[in-house]
Number of protein chains: 2
Amino acid sequence: MSNAPDLTRAVAILTENDPPRVWSFVVTVFGDLAQREGDALSGRLLARMADVAGLRPETVRVALHRLRKDGWIDSHRVGRRSDYTLTAFGRAQSAAAAPRIYSDRAPETKEWTVLLANPSEPAAALAEVANRTNAVLLGDAALLVPNSVDEIDNGLLRICSGEVDIPDWVRALAGPEEIKIAYRGLHGRLQRAEPLLPDRDTSLVGATTRVLIVHSWRRVLLRHPDLPAALLPEDWPGEQCRRVVADLLSRLPRPVLDTLETLAAD
Amino acid sequence: MSNAPDLTRAVAILTENDPPRVWSFVVTVFGDLAQREGDALSGRLLARMADVAGLRPETVRVALHRLRKDGWIDSHRVGRRSDYTLTAFGRAQSAAAAPRIYSDRAPETKEWTVLLANPSEPAAALAEVANRTNAVLLGDAALLVPNSVDEIDNGLLRICSGEVDIPDWVRALAGPEEIKIAYRGLHGRLQRAEPLLPDRDTSLVGATTRVLIVHSWRRVLLRHPDLPAALLPEDWPGEQCRRVVADLLSRLPRPVLDTLETLAAD
(Lines give C-alpha, C1' and ligand atoms only; values in the text may rest on other atoms or scores of the structure.)
Protein backbone atom coordinates (compact mmCIF):
# COMPACT_ATOMS: atom_id res chain seq x y z
CA MET A 1 0.00 0.00 0.00
CA SER A 2 2.95 2.33 0.51
CA ASN A 3 6.25 2.64 -1.27
CA ALA A 4 8.23 3.96 1.69
CA PRO A 5 11.65 4.66 0.06
CA ASP A 6 10.08 6.73 -2.77
CA LEU A 7 7.83 8.62 -0.34
CA THR A 8 10.82 9.32 1.89
CA ARG A 9 12.61 10.85 -1.09
CA ALA A 10 9.48 12.89 -1.85
CA VAL A 11 9.46 14.14 1.76
CA ALA A 12 13.13 15.13 1.41
CA ILE A 13 12.34 17.08 -1.77
CA LEU A 14 9.37 18.83 -0.17
CA THR A 15 11.39 19.99 2.84
CA GLU A 16 14.76 20.71 1.20
CA ASN A 17 16.29 24.06 2.11
CA ASP A 18 13.13 24.94 3.95
CA PRO A 19 12.08 22.51 6.71
CA PRO A 20 8.84 23.60 8.41
CA ARG A 21 8.94 24.96 11.94
CA VAL A 22 7.52 22.37 14.30
CA TRP A 23 4.65 24.45 15.72
CA SER A 24 3.64 25.50 12.22
CA PHE A 25 3.81 21.88 11.02
CA VAL A 26 1.60 20.81 13.95
CA VAL A 27 -0.93 23.54 13.05
CA THR A 28 -1.07 22.16 9.50
CA VAL A 29 -1.51 18.59 10.78
CA PHE A 30 -4.51 19.69 12.84
CA GLY A 31 -5.89 21.91 10.09
CA ASP A 32 -5.62 19.20 7.48
CA LEU A 33 -6.45 16.04 9.45
CA ALA A 34 -8.29 16.99 12.66
CA GLN A 35 -10.22 20.17 12.11
CA ARG A 36 -13.67 18.92 13.09
CA GLU A 37 -14.96 19.22 16.64
CA GLY A 38 -14.11 16.00 18.52
CA ASP A 39 -11.10 15.14 16.31
CA ALA A 40 -8.08 14.29 18.48
CA LEU A 41 -4.44 13.47 17.71
CA SER A 42 -2.16 11.67 20.15
CA GLY A 43 1.23 13.08 21.12
CA ARG A 44 2.74 9.85 19.84
CA LEU A 45 1.20 10.21 16.37
CA LEU A 46 2.33 13.84 16.13
CA ALA A 47 5.88 12.86 17.14
CA ARG A 48 5.93 10.04 14.54
CA MET A 49 4.77 12.39 11.77
CA ALA A 50 7.33 15.03 12.79
CA ASP A 51 9.99 12.33 12.66
CA VAL A 52 8.91 11.32 9.13
CA ALA A 53 9.01 15.01 8.14
CA GLY A 54 12.64 15.20 9.27
CA LEU A 55 11.91 17.17 12.43
CA ARG A 56 13.27 16.15 15.83
CA PRO A 57 10.35 14.39 17.59
CA GLU A 58 11.34 15.78 21.00
CA THR A 59 10.64 19.32 19.74
CA VAL A 60 6.97 18.38 19.31
CA ARG A 61 6.41 18.49 23.09
CA VAL A 62 7.68 22.11 23.19
CA ALA A 63 5.53 23.06 20.19
CA LEU A 64 2.44 21.49 21.79
CA HIS A 65 3.14 23.36 25.02
CA ARG A 66 3.40 26.64 23.13
CA LEU A 67 0.23 26.03 21.09
CA ARG A 68 -1.69 25.20 24.29
CA LYS A 69 -0.42 28.40 25.90
CA ASP A 70 -1.49 30.38 22.81
CA GLY A 71 -5.02 28.95 23.01
CA TRP A 72 -4.81 26.85 19.82
CA ILE A 73 -5.08 23.38 21.36
CA ASP A 74 -6.27 21.55 24.47
CA SER A 75 -4.77 18.38 25.88
CA HIS A 76 -6.44 15.41 27.64
CA ARG A 77 -4.83 12.41 29.25
CA VAL A 78 -6.42 9.07 28.35
CA GLY A 79 -4.61 6.48 30.46
CA ARG A 80 -0.94 6.72 29.44
CA ARG A 81 -1.81 8.49 26.21
CA SER A 82 -1.96 12.31 25.73
CA ASP A 83 -4.61 13.44 23.25
CA TYR A 84 -4.70 16.90 21.68
CA THR A 85 -7.65 18.70 20.12
CA LEU A 86 -8.08 22.11 18.55
CA THR A 87 -9.78 24.67 20.81
CA ALA A 88 -12.79 26.61 19.45
CA PHE A 89 -10.32 29.39 18.61
CA GLY A 90 -7.97 26.98 16.81
CA ARG A 91 -10.88 25.47 14.88
CA ALA A 92 -12.07 28.94 13.86
CA GLN A 93 -8.58 29.86 12.61
CA SER A 94 -8.29 26.63 10.64
CA ALA A 95 -11.79 26.92 9.24
CA ALA A 96 -11.08 30.48 8.09
CA ALA A 97 -8.05 29.41 6.05
CA ALA A 98 -9.46 26.11 4.73
CA PRO A 99 -11.70 27.39 1.89
CA ARG A 100 -8.77 29.19 0.32
CA ILE A 101 -6.28 26.35 0.79
CA TYR A 102 -8.54 23.66 -0.67
CA SER A 103 -10.33 25.73 -3.32
CA ASP A 104 -9.87 24.29 -6.80
CA ARG A 105 -9.72 27.75 -8.38
CA ALA A 106 -8.81 31.39 -7.77
CA PRO A 107 -11.71 33.70 -6.89
CA GLU A 108 -13.64 35.47 -9.60
CA THR A 109 -15.31 38.82 -9.24
CA LYS A 110 -18.10 40.85 -10.77
CA GLU A 111 -17.56 43.98 -8.71
CA TRP A 112 -14.56 46.20 -8.16
CA THR A 113 -14.06 48.99 -5.65
CA VAL A 114 -11.45 51.70 -5.48
CA LEU A 115 -11.00 53.45 -2.13
CA LEU A 116 -8.95 56.62 -1.80
CA ALA A 117 -7.66 58.17 1.41
CA ASN A 118 -6.78 61.80 1.96
CA PRO A 119 -3.18 61.90 0.69
CA SER A 120 -2.15 64.37 3.38
CA GLU A 121 -3.25 62.23 6.33
CA PRO A 122 -2.20 58.79 7.61
CA ALA A 123 -4.42 56.25 5.89
CA ALA A 124 -5.57 54.28 8.94
CA ALA A 125 -9.03 53.72 7.48
CA LEU A 126 -7.47 52.33 4.31
CA ALA A 127 -5.25 49.94 6.27
CA GLU A 128 -8.31 48.78 8.20
CA VAL A 129 -10.20 47.90 5.00
CA ALA A 130 -7.04 46.34 3.49
CA ASN A 131 -6.73 44.09 6.55
CA ARG A 132 -10.25 42.71 6.38
CA THR A 133 -10.52 42.29 2.59
CA ASN A 134 -8.49 40.73 -0.18
CA ALA A 135 -7.18 43.89 -1.78
CA VAL A 136 -4.14 45.57 -3.29
CA LEU A 137 -2.60 48.75 -1.91
CA LEU A 138 -1.67 51.09 -4.75
CA GLY A 139 0.74 53.53 -3.15
CA ASP A 140 0.02 55.10 0.23
CA ALA A 141 -3.49 56.33 -0.35
CA ALA A 142 -5.32 53.99 -2.75
CA LEU A 143 -6.77 50.50 -2.41
CA LEU A 144 -8.22 48.28 -5.13
CA VAL A 145 -10.69 45.68 -3.84
CA PRO A 146 -11.92 42.99 -6.25
CA ASN A 147 -15.35 43.10 -4.62
CA SER A 148 -18.09 45.48 -3.60
CA VAL A 149 -17.43 47.35 -0.37
CA ASP A 150 -20.33 48.64 1.69
CA GLU A 151 -20.64 52.33 2.30
CA ILE A 152 -19.16 53.24 5.65
CA ASP A 153 -18.43 56.65 7.04
CA ASN A 154 -14.66 56.27 7.19
CA GLY A 155 -13.53 59.33 5.25
CA LEU A 156 -12.59 57.35 2.14
CA LEU A 157 -13.63 58.14 -1.39
CA ARG A 158 -15.37 55.00 -2.65
CA ILE A 159 -16.28 54.04 -6.21
CA CYS A 160 -17.61 50.62 -7.27
CA SER A 161 -18.08 49.20 -10.76
CA GLY A 162 -18.43 45.96 -12.64
CA GLU A 163 -15.55 46.98 -14.85
CA VAL A 164 -12.08 48.35 -14.37
CA ASP A 165 -9.05 48.84 -16.61
CA ILE A 166 -6.11 47.20 -14.85
CA PRO A 167 -2.71 48.27 -16.15
CA ASP A 168 0.43 46.15 -15.74
CA TRP A 169 1.82 48.14 -12.81
CA VAL A 170 -1.26 47.22 -10.76
CA ARG A 171 -0.76 43.53 -11.61
CA ALA A 172 2.89 43.84 -10.58
CA LEU A 173 1.85 45.28 -7.20
CA ALA A 174 -0.81 42.58 -6.77
CA GLY A 175 1.57 39.72 -7.63
CA PRO A 176 5.07 40.73 -6.58
CA GLU A 177 8.20 39.07 -7.90
CA GLU A 178 9.23 37.44 -4.60
CA ILE A 179 5.96 35.52 -4.41
CA LYS A 180 6.28 34.42 -8.04
CA ILE A 181 9.73 33.10 -7.13
CA ALA A 182 8.32 31.23 -4.12
CA TYR A 183 5.58 29.68 -6.29
CA ARG A 184 8.07 28.68 -8.96
CA GLY A 185 10.27 27.03 -6.30
CA LEU A 186 7.28 25.16 -4.89
CA HIS A 187 6.14 24.12 -8.34
CA GLY A 188 9.57 22.73 -9.13
CA ARG A 189 9.65 20.70 -5.90
CA LEU A 190 6.10 19.39 -6.46
CA GLN A 191 6.99 18.33 -9.99
CA ARG A 192 10.10 16.50 -8.79
CA ALA A 193 8.12 14.81 -6.01
CA GLU A 194 5.20 13.85 -8.25
CA PRO A 195 6.73 10.73 -9.93
CA LEU A 196 7.72 9.43 -6.49
CA LEU A 197 4.10 9.35 -5.22
CA PRO A 198 1.96 6.23 -5.57
CA ASP A 199 -1.45 6.56 -7.19
CA ARG A 200 -3.02 6.20 -3.80
CA ASP A 201 -1.50 6.01 -0.34
CA THR A 202 -2.98 6.22 3.16
CA SER A 203 0.09 5.17 5.16
CA LEU A 204 1.57 7.30 7.95
CA VAL A 205 4.36 8.38 5.57
CA GLY A 206 1.74 9.14 2.93
CA ALA A 207 -0.28 11.20 5.44
CA THR A 208 2.86 13.11 6.42
CA THR A 209 3.67 13.75 2.76
CA ARG A 210 0.15 15.05 2.29
CA VAL A 211 0.51 17.39 5.27
CA LEU A 212 3.85 18.67 3.95
CA ILE A 213 2.27 19.46 0.57
CA VAL A 214 -0.57 21.35 2.27
CA HIS A 215 1.99 23.08 4.46
CA SER A 216 4.21 24.25 1.56
CA TRP A 217 1.18 25.40 -0.41
CA ARG A 218 -0.38 27.28 2.51
CA ARG A 219 2.91 29.00 3.31
CA VAL A 220 3.10 30.66 -0.12
CA LEU A 221 -0.65 31.06 -0.67
CA LEU A 222 -1.29 32.93 2.57
CA ARG A 223 1.55 35.38 1.93
CA HIS A 224 -0.69 37.25 -0.52
CA PRO A 225 -4.36 38.25 -0.61
CA ASP A 226 -6.84 36.05 -2.47
CA LEU A 227 -7.11 37.82 -5.82
CA PRO A 228 -8.78 37.00 -9.15
CA ALA A 229 -6.61 36.21 -12.17
CA ALA A 230 -7.71 39.51 -13.78
CA LEU A 231 -5.69 41.33 -11.15
CA LEU A 232 -2.53 39.20 -11.30
CA PRO A 233 0.40 39.22 -13.74
CA GLU A 234 -0.04 37.13 -16.86
CA ASP A 235 2.89 34.89 -15.81
CA TRP A 236 1.52 34.36 -12.27
CA PRO A 237 2.50 30.79 -11.26
CA GLY A 238 -0.10 30.41 -8.50
CA GLU A 239 -2.69 28.53 -10.52
CA GLN A 240 -0.35 25.89 -11.93
CA CYS A 241 0.79 25.25 -8.37
CA ARG A 242 -2.83 24.95 -7.26
CA ARG A 243 -3.50 22.31 -9.94
CA VAL A 244 -0.45 20.20 -9.01
CA VAL A 245 -1.34 20.43 -5.30
CA ALA A 246 -4.91 19.29 -6.01
CA ASP A 247 -3.63 16.36 -8.11
CA LEU A 248 -1.13 15.22 -5.48
CA LEU A 249 -3.63 15.55 -2.60
CA SER A 250 -6.13 13.40 -4.51
CA ARG A 251 -3.48 10.65 -4.55
CA LEU A 252 -2.82 11.05 -0.82
CA PRO A 253 -6.38 11.22 0.55
CA ARG A 254 -7.09 12.26 4.11
CA PRO A 255 -6.64 9.09 6.25
CA VAL A 256 -9.07 7.93 8.92
CA LEU A 257 -7.65 9.13 12.24
CA ASP A 258 -8.16 5.83 14.09
CA THR A 259 -6.25 3.98 11.38
CA LEU A 260 -3.46 6.52 11.62
CA GLU A 261 -3.29 6.13 15.42
CA THR A 262 -3.04 2.36 14.98
CA LEU A 263 -0.20 2.79 12.48
CA ALA A 264 1.58 5.19 14.88
CA ALA A 265 1.27 2.67 17.74
CA ASP A 266 3.03 -0.10 15.74
CA MET B 1 -32.19 105.88 -19.35
CA SER B 2 -29.04 105.91 -17.26
CA ASN B 3 -28.31 107.09 -13.78
CA ALA B 4 -24.67 107.95 -14.36
CA PRO B 5 -23.56 108.90 -10.81
CA ASP B 6 -24.95 105.66 -9.31
CA LEU B 7 -23.44 103.56 -12.09
CA THR B 8 -20.10 105.29 -11.62
CA ARG B 9 -20.20 104.30 -7.94
CA ALA B 10 -21.08 100.74 -8.97
CA VAL B 11 -18.08 100.68 -11.31
CA ALA B 12 -15.86 101.91 -8.47
CA ILE B 13 -17.15 99.12 -6.20
CA LEU B 14 -16.63 96.47 -8.90
CA THR B 15 -13.01 97.51 -9.50
CA GLU B 16 -11.94 98.43 -5.97
CA ASN B 17 -8.61 96.91 -4.86
CA ASP B 18 -8.55 94.90 -8.07
CA PRO B 19 -8.74 96.92 -11.30
CA PRO B 20 -8.68 94.67 -14.38
CA ARG B 21 -5.61 94.57 -16.57
CA VAL B 22 -6.34 96.42 -19.80
CA TRP B 23 -5.67 93.55 -22.21
CA SER B 24 -7.80 91.23 -20.08
CA PHE B 25 -10.59 93.84 -19.92
CA VAL B 26 -10.47 94.18 -23.73
CA VAL B 27 -10.73 90.39 -24.09
CA THR B 28 -13.85 90.45 -21.92
CA VAL B 29 -15.34 93.33 -23.93
CA PHE B 30 -14.92 91.31 -27.12
CA GLY B 31 -16.08 88.08 -25.53
CA ASP B 32 -19.20 89.67 -24.07
CA LEU B 33 -20.18 92.19 -26.76
CA ALA B 34 -18.54 91.24 -30.06
CA GLN B 35 -18.01 87.51 -30.17
CA ARG B 36 -19.90 86.81 -33.44
CA GLU B 37 -18.12 86.76 -36.78
CA GLY B 38 -18.35 90.24 -38.32
CA ASP B 39 -18.73 92.01 -34.95
CA ALA B 40 -16.32 94.95 -34.76
CA LEU B 41 -15.42 97.46 -32.03
CA SER B 42 -13.76 100.77 -32.72
CA GLY B 43 -10.61 101.87 -30.93
CA ARG B 44 -12.51 104.91 -29.73
CA LEU B 45 -15.28 102.85 -28.13
CA LEU B 46 -12.75 100.59 -26.41
CA ALA B 47 -10.88 103.65 -25.08
CA ARG B 48 -14.14 105.18 -23.80
CA MET B 49 -15.12 101.99 -22.00
CA ALA B 50 -11.63 101.64 -20.49
CA ASP B 51 -11.93 105.23 -19.27
CA VAL B 52 -15.30 104.48 -17.64
CA ALA B 53 -13.76 101.41 -16.02
CA GLY B 54 -11.07 103.59 -14.44
CA LEU B 55 -8.30 102.46 -16.76
CA ARG B 56 -6.02 104.89 -18.59
CA PRO B 57 -7.42 105.10 -22.15
CA GLU B 58 -3.94 105.46 -23.67
CA THR B 59 -3.05 101.97 -22.41
CA VAL B 60 -5.73 100.51 -24.69
CA ARG B 61 -3.55 101.06 -27.75
CA VAL B 62 -0.74 98.99 -26.19
CA ALA B 63 -3.19 96.24 -25.21
CA LEU B 64 -4.66 96.12 -28.72
CA HIS B 65 -1.15 95.89 -30.18
CA ARG B 66 -0.33 92.99 -27.89
CA LEU B 67 -3.59 91.17 -28.61
CA ARG B 68 -3.01 91.55 -32.35
CA LYS B 69 0.51 90.17 -31.96
CA ASP B 70 -0.86 87.22 -29.97
CA GLY B 71 -3.36 86.44 -32.74
CA TRP B 72 -6.49 87.34 -30.76
CA ILE B 73 -7.65 90.30 -32.85
CA ASP B 74 -7.36 91.86 -36.28
CA SER B 75 -7.56 95.57 -37.08
CA HIS B 76 -9.01 97.41 -40.08
CA ARG B 77 -8.93 101.07 -40.90
CA VAL B 78 -12.24 102.56 -42.04
CA GLY B 79 -11.50 106.16 -42.98
CA ARG B 80 -10.12 107.78 -39.81
CA ARG B 81 -11.60 105.06 -37.62
CA SER B 82 -9.77 101.86 -36.51
CA ASP B 83 -12.01 98.82 -36.15
CA TYR B 84 -11.04 95.67 -34.31
CA THR B 85 -12.49 92.16 -34.67
CA LEU B 86 -11.72 88.84 -33.02
CA THR B 87 -9.66 86.49 -35.18
CA ALA B 88 -10.92 82.94 -35.72
CA PHE B 89 -8.59 81.94 -32.88
CA GLY B 90 -9.95 84.69 -30.62
CA ARG B 91 -13.54 83.68 -31.43
CA ALA B 92 -12.75 80.05 -30.66
CA GLN B 93 -11.23 80.98 -27.28
CA SER B 94 -14.21 83.17 -26.41
CA ALA B 95 -16.71 80.58 -27.58
CA ALA B 96 -15.00 77.89 -25.47
CA ALA B 97 -15.37 79.92 -22.28
CA ALA B 98 -18.84 81.35 -22.99
CA PRO B 99 -21.04 78.36 -22.08
CA ARG B 100 -19.46 78.22 -18.64
CA ILE B 101 -19.56 81.97 -18.03
CA TYR B 102 -23.21 82.41 -19.04
CA SER B 103 -24.58 79.06 -17.81
CA ASP B 104 -27.39 79.51 -15.31
CA ARG B 105 -26.29 76.50 -13.30
CA ALA B 106 -23.32 74.34 -12.32
CA PRO B 107 -22.85 71.12 -14.31
CA GLU B 108 -24.52 67.93 -13.20
CA THR B 109 -23.17 64.45 -13.75
CA LYS B 110 -24.39 60.87 -13.94
CA GLU B 111 -20.98 59.26 -14.35
CA TRP B 112 -17.83 59.40 -12.30
CA THR B 113 -14.37 58.14 -13.14
CA VAL B 114 -11.36 57.56 -10.91
CA LEU B 115 -7.99 57.27 -12.63
CA LEU B 116 -4.91 56.04 -10.78
CA ALA B 117 -1.31 56.37 -11.91
CA ASN B 118 1.58 54.16 -10.86
CA PRO B 119 2.64 55.83 -7.60
CA SER B 120 6.32 55.14 -8.28
CA GLU B 121 6.41 56.91 -11.65
CA PRO B 122 5.78 60.50 -12.76
CA ALA B 123 2.09 60.79 -13.55
CA ALA B 124 2.33 62.47 -16.98
CA ALA B 125 -0.68 60.54 -18.30
CA LEU B 126 -2.73 61.75 -15.32
CA ALA B 127 -1.73 65.38 -15.89
CA GLU B 128 -2.70 65.00 -19.55
CA VAL B 129 -6.23 63.83 -18.64
CA ALA B 130 -6.48 66.48 -15.89
CA ASN B 131 -5.67 69.18 -18.46
CA ARG B 132 -8.38 68.20 -20.90
CA THR B 133 -11.19 67.45 -18.44
CA ASN B 134 -12.83 69.15 -15.49
CA ALA B 135 -11.37 67.03 -12.73
CA VAL B 136 -9.80 67.06 -9.29
CA LEU B 137 -6.30 65.81 -8.55
CA LEU B 138 -6.28 63.80 -5.31
CA GLY B 139 -2.63 63.70 -4.33
CA ASP B 140 0.07 62.86 -6.87
CA ALA B 141 -1.39 59.77 -8.42
CA ALA B 142 -5.20 59.95 -8.41
CA LEU B 143 -7.73 61.93 -10.43
CA LEU B 144 -11.49 62.15 -9.91
CA VAL B 145 -13.42 63.09 -13.07
CA PRO B 146 -17.15 63.89 -12.75
CA ASN B 147 -17.78 62.25 -16.12
CA SER B 148 -17.13 59.07 -18.03
CA VAL B 149 -13.64 58.77 -19.51
CA ASP B 150 -13.05 56.60 -22.56
CA GLU B 151 -10.70 53.67 -22.30
CA ILE B 152 -7.28 54.63 -23.56
CA ASP B 153 -4.06 52.70 -23.27
CA ASN B 154 -2.25 55.22 -21.07
CA GLY B 155 -1.16 53.01 -18.17
CA LEU B 156 -3.81 54.33 -15.80
CA LEU B 157 -6.15 52.25 -13.70
CA ARG B 158 -9.65 53.42 -14.68
CA ILE B 159 -12.93 52.77 -12.90
CA CYS B 160 -16.26 54.42 -13.84
CA SER B 161 -19.54 54.39 -11.94
CA GLY B 162 -22.81 56.26 -11.59
CA GLU B 163 -22.16 56.57 -7.88
CA VAL B 164 -19.31 57.61 -5.67
CA ASP B 165 -18.94 58.43 -1.97
CA ILE B 166 -17.25 61.81 -1.76
CA PRO B 167 -15.74 62.60 1.64
CA ASP B 168 -15.11 66.15 2.87
CA TRP B 169 -11.37 66.13 2.10
CA VAL B 170 -12.17 65.59 -1.60
CA ARG B 171 -14.60 68.53 -1.53
CA ALA B 172 -11.91 70.64 0.14
CA LEU B 173 -9.43 69.79 -2.65
CA ALA B 174 -12.07 70.47 -5.31
CA GLY B 175 -13.09 73.82 -3.82
CA PRO B 176 -10.08 75.30 -2.06
CA GLU B 177 -10.32 78.06 0.54
CA GLU B 178 -8.62 80.76 -1.56
CA ILE B 179 -11.28 80.44 -4.26
CA LYS B 180 -14.07 80.53 -1.68
CA ILE B 181 -12.53 83.77 -0.39
CA ALA B 182 -12.42 85.20 -3.92
CA TYR B 183 -16.09 84.29 -4.48
CA ARG B 184 -17.12 85.78 -1.14
CA GLY B 185 -15.28 89.00 -2.02
CA LEU B 186 -17.00 89.14 -5.41
CA HIS B 187 -20.38 88.38 -3.87
CA GLY B 188 -19.93 91.23 -1.39
CA ARG B 189 -19.03 93.70 -4.16
CA LEU B 190 -21.95 92.58 -6.34
CA GLN B 191 -24.36 92.96 -3.43
CA ARG B 192 -23.09 96.46 -2.70
CA ALA B 193 -23.34 97.40 -6.40
CA GLU B 194 -26.78 95.92 -6.87
CA PRO B 195 -28.88 98.79 -5.36
CA LEU B 196 -26.97 101.27 -7.53
CA LEU B 197 -28.02 99.62 -10.80
CA PRO B 198 -31.15 100.74 -12.66
CA ASP B 199 -33.73 98.11 -13.60
CA ARG B 200 -32.58 98.39 -17.18
CA ASP B 201 -29.71 100.29 -18.75
CA THR B 202 -28.11 100.23 -22.20
CA SER B 203 -25.88 103.29 -21.88
CA LEU B 204 -22.13 103.19 -22.46
CA VAL B 205 -21.59 103.30 -18.69
CA GLY B 206 -24.15 100.51 -18.30
CA ALA B 207 -22.39 98.42 -20.96
CA THR B 208 -19.07 98.97 -19.20
CA THR B 209 -20.62 97.98 -15.88
CA ARG B 210 -21.94 94.83 -17.53
CA VAL B 211 -18.50 93.99 -18.91
CA LEU B 212 -16.91 94.55 -15.50
CA ILE B 213 -19.41 92.15 -13.89
CA VAL B 214 -18.67 89.50 -16.53
CA HIS B 215 -14.97 90.16 -16.08
CA SER B 216 -14.98 89.75 -12.27
CA TRP B 217 -17.11 86.63 -12.54
CA ARG B 218 -14.95 85.04 -15.24
CA ARG B 219 -11.76 85.77 -13.33
CA VAL B 220 -12.86 83.71 -10.32
CA LEU B 221 -14.87 81.12 -12.26
CA LEU B 222 -12.06 80.13 -14.61
CA ARG B 223 -9.60 79.67 -11.76
CA HIS B 224 -11.16 76.29 -10.99
CA PRO B 225 -12.48 73.39 -13.09
CA ASP B 226 -16.19 73.20 -13.85
CA LEU B 227 -17.43 70.80 -11.18
CA PRO B 228 -20.87 69.64 -10.04
CA ALA B 229 -22.15 70.73 -6.63
CA ALA B 230 -21.82 67.12 -5.39
CA LEU B 231 -18.06 67.53 -5.56
CA LEU B 232 -17.80 70.95 -3.92
CA PRO B 233 -17.86 72.00 -0.25
CA GLU B 234 -21.29 72.56 1.26
CA ASP B 235 -20.45 76.23 1.87
CA TRP B 236 -19.22 76.79 -1.69
CA PRO B 237 -20.16 80.39 -2.60
CA GLY B 238 -19.94 79.90 -6.38
CA GLU B 239 -23.64 79.37 -7.00
CA GLN B 240 -24.89 82.38 -5.08
CA CYS B 241 -22.42 84.48 -7.09
CA ARG B 242 -23.75 82.93 -10.29
CA ARG B 243 -27.32 83.91 -9.35
CA VAL B 244 -26.41 87.54 -8.55
CA VAL B 245 -24.37 87.80 -11.75
CA ALA B 246 -27.31 86.50 -13.81
CA ASP B 247 -29.68 88.95 -12.11
CA LEU B 248 -27.43 91.97 -12.69
CA LEU B 249 -26.67 91.03 -16.31
CA SER B 250 -30.40 90.79 -17.03
CA ARG B 251 -30.68 94.43 -15.90
CA LEU B 252 -27.76 95.49 -18.11
CA PRO B 253 -28.60 93.68 -21.36
CA ARG B 254 -26.09 93.40 -24.17
CA PRO B 255 -26.36 96.69 -26.14
CA VAL B 256 -26.58 96.92 -29.93
CA LEU B 257 -23.04 97.62 -31.13
CA ASP B 258 -24.03 100.40 -33.55
CA THR B 259 -25.86 102.24 -30.77
CA LEU B 260 -22.80 101.87 -28.56
CA GLU B 261 -20.53 103.26 -31.29
CA THR B 262 -22.86 106.23 -31.66
CA LEU B 263 -22.76 106.84 -27.91
CA ALA B 264 -18.95 106.61 -27.97
CA ALA B 265 -18.77 109.13 -30.81
CA ASP B 266 -20.74 111.76 -28.87
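In helix α8 of chain A, which covers residues 177-193, E177(A) and K180(A) stand three residues apart, so about one helical turn separates them; helices here are DSSP runs of H or I with at least four residues, strands are runs of E with at least two, and both are numbered from the N terminus. The side chains of E177(A) and K180(A) meet in a salt bridge, at 3.4 Å from N to O, where a salt bridge is a side-chain nitrogen of Lys or Arg within 4 Å of a carboxyl oxygen of Asp or Glu. Over all chains, the whole structure holds 44 salt bridges.

Before going further, note that this is a predicted model, in which local features need pLDDT of at least 70, side-chain atom pairs count only at pLDDT 80 or more, and totals for chains, interfaces and linings use all residues. Residues are numbered from 1 along each chain as its sequence is written, chains are lettered from A and ligands numbered from 1 in the order in which they are written, and side-chain values use heavy atoms, with hydrogens and water left out.

How is chain A placed relative to chain B? A rotation of 179° with 0.0 Å of shift along its axis superposes chain A on chain B with an RMSD of 0.1 Å, and the two copies are thus related as by a two-fold rotation axis; the superposition is by least squares on the C-alpha atoms of residues with pLDDT of at least 70 in both. Among the residues of chain A, S161(A) comes closest to this axis, its C-alpha lying at 2.8 Å.

Where the chains meet, 25 residues of chain A are in contact with 25 residues of chain B, contact meaning heavy atoms within 4.5 Å. Because 100% of the interface residues of chain A are also interface residues in chain B, the copies meet through the same surface. Two salt bridges cross this interface, and D165(A) forms a salt bridge with R158(B), with the closest N and O atoms 2.6 Å apart.

The last stop is the largest pocket, and the elements that each give two or more residues to its lining are α3 (43-52), α4 (58-69) and β3 (81-86) of chain A.
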